[in-house]
Amino acid sequence: MRKCCFKGLCVGLLAVLLGTASCRAQEKVVYRDYDRLGWTILDSLKRPGAASLFKGMNTLKLAARMLEENTPVDVEPRPAGKRELKPRAIIEQRRESVLMVFKYMRATVHPEYIMPWATAVVLSEDGVCVTNSHVLWQLIDTSARLDLRDSLLFVATEAGKIYSISSVLSYNRSGDLAFFKIDTRGERLVPMPLGEDLAVGSNVHALTHPAGYPYVYTSGVVSRTFIKESGNPFGNRVEITADFAKGSSGGPIMDDRGNMVAMVSCLHPIYYVDQPPSDRQMGIKECIPVSSIVRLMRKLGK
């Protein structure tokens, strides 16, 4: 009997040790060279034949003139996750669904370069994405003029893959929403699961690209929900305490299960005597609730 107990104890200890070793292996820190990533993306644009895969901004703008605001977008949303995840798991499992939006600026008096522009979220395997309408305003607004250096607006992944924007699918100005399609060249992307609107006090997680710093994670809570425009179905807004900045526009706000529950829209700084920047007291971080995004989505086959 004692031998059996001793054997069981040894097996238990071995399992604990193996489990500990497994946890330690999973806690390995990965350092990513994002400066090199920028050069990789620029080199990809300059490869022979790469330009033929991309539509220029003038071409996209001309096509967008025929687009009506609030056009329904045919997309089947990825079902919401049910299991609560730790922040690290949320980041690792959702980062493939978060894209970087870039502008390619052609050489004029200055050398060519790519400009970090915004963030976008993948909604379907075949390349339907969502971001803010102000991110694509130069394409949507017929009165907006393109800069002579503006030639390409495209997206890229953290792995350095680049995809052209093939068309703008829909937009809503008051809701600060824009849907667009990218040419995946037959590749299947990883869509972000969509959750539900959250109440004040709920935990939130953001993964965005503020000011050219790719894939920055912040967390916080919903600090306030309000109606920005009474009677407008796209007038609902969410304010959060998780940090973001320029370049984060269109980025996902997720719940504890890694479901997208809102999207970054804008930041309102508050100054004590309206004399920036020395008297800045706080920033109100305004987001678009996921219910507004879903409002423009039409399930396939419906």
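Trainee: Which residues lie nearest the centre of the second largest pocket?
Mentor: A pocket, on a 1 Å grid over the protein atoms alone, is an open set of points where a 1.4 Å probe fits, with protein on both sides within 12 Å along at least five of seven lines, and lining residues have an atom within 4 Å of a point. Here 13 residues line the second largest pocket, with Val30, Arg32, Ile91, Glu92 and Arg95 nearest its centre. Helix 4 gives the largest share of that lining, three residues; helices (H or I, at least four residues) and strands (E, at least two) are DSSP runs numbered from the N terminus. This is a predicted model, in which local features need pLDDT of at least 70 and side-chain atom pairs count only at pLDDT 80 or more, while totals for chains, interfaces and linings use all residues. Residues are numbered from 1 along each chain as its sequence is written, and side-chain values use heavy atoms, with hydrogens and water left out.

Trainee: Where does the largest pocket lie?
Mentor: Domain 1 (34-77 + 96-191) and domain 2 (202-297), with bounds from an automatic or database domain assignment, both give residues to its lining, so the largest pocket lies between them. Of its 19 lining residues, Tyr34, Gly38, Phe102, Ile114 and Pro116 lie nearest the centre, and helix 2 supplies the largest share, six residues.

Trainee: In what order do the strands of the barrel close?
Mentor: Strands of a sheet pair through backbone hydrogen bonds, either parallel or antiparallel. Six strands close this barrel in the order 8-9-10-13-12-11, with antiparallel pairing, where pairing requires that DSSP finds at least two bridges between two strands.
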